[in-house]
Amino acid sequence: EIRNMALLSYLQGRTETKNRILDVLEDFAWFNDKSSPTTISDADDPLGKSHPVFPLPNRAESERHIAALPKVSLLELLPGVRLAERVESSRIAELVSAPFKWGSYAMVVGPSRSGNSQPCLLSAPQMGLRTPSIIHEMSITAPGYQAVGMDVPGVPGIAIGYTPYLAWGLTSGVADTDDIVFTSTDSSGYVADGKHQEFEVQRFPLAVKGGSATTVEQRRTVFGPVVVDSNAAKVAFSRKSASRMRELESLRSVLEIGSVSKVENVDDALRHATVNFNCFYATRDGHVGYRFTGLVPDRKAGYDPRFPLPATPTALWTGTIPFEKMPAVRDPKMGLLANWNNKPVSWWPNSDTPVWGQIFRNQEILKALGSNKLIPTDLERAAWTIARRDETWDYFKPLVQNVWQGSPLEGFDGWMLDGSIQAQVYRAFFDDLREAIFLPVTGNFIAPDNFKLIAQPSVMLKALQGKTKIDYLRGRKAAEVIKEALDKSTRRLAGSNLSPRFVAPPISVPGQPPIPYSNRGTYIQIVELMPSGPQGRNVVTPGVAEAGDHSLDQVPLARAWIFKLMRF
């Protein structure tokens, strides 16, 4: 919401966009694209006719909300944008081998789709690949609890794994669980709901390497921590989170799922999750299922969820969507569930972050799995495949093929293989195409990184198809723009010192050559649910210890894309 507010300020300062700001916002920050791939199909959705209604604003309500926003300068908003992007905190987390990114994919096959009538599950959390590993491999046996899988250091219990009865996996949910709330301030406090209150101040000791310790202060309102403070506008922006101070309740789900002995009790375990995840499971007696977990605000109508809310009872949500109304399915008719952080169901909106569009990487999983019966090795092959495929190619292919004759891109098939000239050309072409479409109209949205983040492939495709509110092509034909970008990237690569060949993103290994193709799980497990009990294989890249033999002993497995047996 802070980023969207900064985007608003930026667009208001551009001659090309200042009179059509809401049109630009609807193009780049859409609420719901029904063509975006979902985990639950409409045919399998038990809430299809009784799902929660997300109040989305009409044009007049958005205009009224924007007019009521405090007038804060772009410079004052930028620290909040950087905070929201977590660039610095992610860099530090990566340096100390703590989780620094959240992705993940999962695939679950039910008996009706299984080649041997047994369910199977693949789960691959993408939390970064570092030495030492960001996760542990672990087996726990205790009275009433037996599980093997992975845990995050410092968090008790098996987060992803299997028991004698079921296997389960998780991917990040990406739901909009937080809002930014703005309040007026003065020298002694802030005003919320017409009442003057003092800031709560929390002080934290901070050790400084090579220097004296210091103290960090964090100011809080009743809504949460202050993330942006505008002295000029005399306004504070606080982060209100649905799970704030309830995060640890999710541990109960982690512990209870390891004790489930029948499928009817899976929901009882997941009911306690306060943090948003996609949870998948498969059982020994032939069931598979999925649930979207966590606390998600039940927002009020009349406000635009893309922007900060005023600190008034009419604007702020007071409850969350009931557990029974969250997306879930058991034993889907198609016998397959796949997720790569895509939207759960067709009626679920983006709210403040336009993540889910027509182009989304989950399609690559479905394509790799195909339409035949599946066995665990098919899931293994799919993980190998999606690490080497470009998620945008199938959508842009019909447009590019019209103009690629005689260019280095001619014959490209979407494979991003290490050493490929065509893969390198396509990557350069795609950046140049984004600029050719939008740059003359929108500029670069403050910075090149913002430009790439905001001008997503789904918006690019719609602009080329003439399906956007604004004509970003400015009267040009799509083929002309594509040809211009392709010619530019060809010249740019030929005249630069860059390698003409694609280098697959690597995994660094101390003292060894890097492992290519890093688009994979930090941990990958494949479990087959046999009548006699689950049988699992996994790999933890690069190993599970900080030092010694086991710190790098799974590098050969990761380099060859093979797995080892799991055991209690």
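Guide: Helices and strands here are DSSP runs numbered from the N terminus, a helix being H or I over at least four residues and a strand being E over at least two. What you see is a predicted model, in which local features need pLDDT of at least 70 and side-chain atom pairs count only at pLDDT 80 or more, while totals for chains, interfaces and linings use all residues. Residues are numbered from 1 along each chain as its sequence is written, and side-chain values use heavy atoms, with hydrogens and water left out.

Let us begin with the backbone of the loops. Most residues other than glycine have a negative phi, and most peptide bonds are trans. Against that background, the bond from T541 to P542 is cis, with omega near 5°, and P542 sits in the loop between strand 22 (533–540) and helix 15 (555–560). A cis bond also joins T131 and P132, where omega is about 0°; P132 belongs to the loop between strand 2 (120–124) and strand 3 (136–142).

Positive phi values turn up in loops as well. N341, although not a glycine, has a phi of about 70°, and this residue lies in the loop between strand 18 (336–339) and helix 8 (362–369). Its relative accessibility is 4%, so N341 counts as buried (under 20% relative accessible area, with exposed meaning over 50% and partly exposed in between, for a 1.4 Å probe and protein chains only). Y517 likewise has a positive phi of about 70°; this tyrosine is in the loop between strand 20 (512–515) and strand 21 (523–530), and is buried at 9% relative accessible area.

From the backbone we can turn to charged side chains. Side chains of opposite charge can pair when their charged atoms come close. Taking a salt bridge as a side-chain nitrogen of Lys or Arg within 4 Å of a carboxyl oxygen of Asp or Glu, a search of the whole structure finds 30. In one of them, D179 and R299 meet at 3.0 Å, N to O. This pair links distant parts of the chain, 120 residues apart, with D179 in strand 7 (residues 178–186) and R299 in the loop between strand 15 (288–292) and strand 16 (309–310). Both partners are buried.

On a 1 Å grid over the protein atoms alone, a cavity is a set of points where a 1.4 Å probe fits but cannot get out, whereas a pocket is an open set with protein on both sides within 12 Å along at least five of seven lines; lining residues have an atom within 4 Å of a point. Grid points are joined across faces, edges and corners, and a volume is the space filled by probe spheres set on the points. The largest cavity has a volume of about 170 Å³. Of the 17 residues that line it, P55, R299, K300, P305 and S351 are the closest to its centre.

E256 and R252 meet at 2.8 Å, N to O; they are four residues apart in helix 6 (residues 250–257), which means a separation of about one helical turn. E256 is partly exposed at 27%, and R252 is partly exposed at 47% relative accessibility. In the pair formed by D394 and R389, the closest N and O atoms are 3.9 Å apart; D394 counts as partly exposed at 33%, whereas R389 counts as buried at 12%. Salt bridges that share partners also join R20, D23, E26, R59 and K469 into one network.

E26 and K469 are, with D27, W30 and F31, the residues nearest the centre of the second largest pocket, which is lined by 18 residues and holds about 260 Å³ of space. Helix 2 (21–28), helix 3 (59–68) and helix 13 (457–464) each supply at least two lining residues, and the largest share, three residues, comes from helix 13. By class, the lining has five nonpolar, five polar and eight charged residues, where Ala, Val, Leu, Ile, Met, Phe, Trp, Tyr, Cys and Pro count as nonpolar, Asp, Glu, Lys and Arg as charged, and the others, Gly among them, as polar.
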